[in-house]
Amino acid sequence: MSPTTEAWTPIHGTPYRPVPYHPARMSHEESLARAAELRERMQERRTVRQFAPDPVPDQAVRDAIACAATAPSGAHQQPWTFVLVRDPEVRRAIREAAEHEEQISYDGRLGEEWLAALRPIGTDEIKPHLTDAPALIVVFQQRYWLGEDGTKHKHYYVDESVGIAVGMLLSALHLSGLAALIHTPSPMKFLSQALGRPSNEKAFAVIPVGYPADDCQVPDLVRKSLDQVLVEV
């Protein structure tokens, strides 16, 4: 059974109301084939920092965000907001503020151990991807929600829920033929100010979206093999 399409409202305190769920079961052969194809395609995913200015299909980005919004969340409270930013002036302001914070970080706030970890990745305080990419998705986590009477209600497992949603977003963008990266300037309060977000939202990540530039390069990295990350009991 597909989820209801009626407008969502908070379900806090409402009785448990189960509905039937009977998805079509794949054959083992089809399941293996799909899993192998997905594994191969996801192995091709790379974090991109050099973007072409070419526009991307707006609906493909919206659909990727819609996929992310299907992520599981603590108590099904869906504590996320995705702000899609295309306006060049807004992206420029975000870049200026991000580079200001990053300059402070690279000048000493990060500490040598963190800087040493970043060195093989080739990053620095200059963030052209924030203006070169034709779109940014700024993800906010909602720390609480307000009832109709203004009462604050806590969200649960917010970091975990939003982290899962962002992972699904990156997968959806990649499988739609788009490139992206996770950018987390610290602190990120300037994002709430730049985008006029309410006080219950806290910036989680900035995700530039686009196509790799013709001269795009990525670090020469090796992912851990399956036997290095999987334990079977």
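Reader: Is Gln142 buried or exposed?

Author: This is a predicted model, and in it Gln142 has a relative accessible area of 15%. That is under the 20% cut-off, so Gln142 counts as buried.

Reader: OK, and where does Gln142 sit?

Author: Gln142 belongs to strand E2, which covers residues 135-142.

Reader: What does the side chain of Gln142 make a polar contact with?

Author: The side chain of Thr81, at 2.8 Å. Besides that, a polar atom of the Gln142 side chain lies 3.0 Å from the backbone oxygen of Trp80.

Reader: Which residues is Gln142 in contact with, leaving aside neighbours within four places in sequence?

Author: Gln78, Pro79, Trp80 and Thr81 are among them, and so are His155, Val158, Asn200 and Glu201.

Reader: Switching to Trp8: what's its relative accessible area?

Author: Trp8 comes out at 46%, so it is partly exposed. Trp8 is in the segment before H1. Not counting residues up to four places away in sequence, Trp8 touches His76 and Gln78. Gln78 also turned up in the contacts of Gln142.

Reader: Now the inside. Which residues touch the most other members of the largest nonpolar core?

Author: Phe82, Ile137, Leu169, Leu173 and Ile207, out of 22 residues in that core. As background, nonpolar side chains tend to be buried together in soluble globular proteins.

Reader: Which elements give two or more residues to this core?

Author: Helix H2 (58-68), strand E1 (80-85), E2, H6 and strand E6 (201-210). H6 gives the most, with eight residues.

Reader: Take Leu173, then. What does it touch?

Author: Setting aside residues up to four places away in sequence, Leu173 touches Ala64, Ile137, Leu178, Ala180, Ile207 and Val209. There's also a second, separate core of 14 residues, including Ile94, Leu130, Leu195 and Val206.

Reader: Last topic: at what angle do H1 and H6 pack?

Author: Helix H1 (residues 28-43) and helix H6 (residues 158-175) pack at about 90 degrees, and their axes are 10 Å apart. H1 is therefore roughly perpendicular to H6.

Reader: Which residues meet there?

Author: From H1, Leu38, Arg41 and Met42; from H6, Ser171, His174 and Leu175. That contact divides into three nonpolar residues, two polar and one charged.

Terms used: Residues are numbered from 1 along each chain as its sequence is written. This is a predicted model: local features need pLDDT of at least 70, side-chain atom pairs count only at pLDDT 80 or more; totals for chains, interfaces and linings use all residues. Side-chain values use heavy atoms; hydrogens and water are left out. Axes are lines fitted to C-alpha atoms, for helices over the stretch in contact, and angles run from 0 to 180 degrees between N-to-C directions. Helices (H or I, at least four residues) and strands (E, at least two) are DSSP runs, numbered from the N terminus. Angles under 35 degrees count as roughly parallel, over 145 as roughly antiparallel, 65 to 115 as roughly perpendicular and the rest as oblique. Contact means heavy atoms within 4.5 Å. Ala, Val, Leu, Ile, Met, Phe, Trp, Tyr, Cys and Pro count as nonpolar, Asp, Glu, Lys and Arg as charged, and the others, Gly among them, as polar. Buried means under 20% relative accessible area, exposed over 50%, partly exposed in between (1.4 Å probe, protein chains only). A polar contact is a pair of N or O atoms within 3.5 Å; within protein, one must be able to donate a hydrogen and the other to accept it, and residues adjacent in sequence count only if both atoms are side-chain atoms. A nonpolar core is a set of buried Ala, Val, Leu, Ile, Met, Phe, Trp, Tyr and Cys residues joined through side-chain atoms within 4.5 Å.
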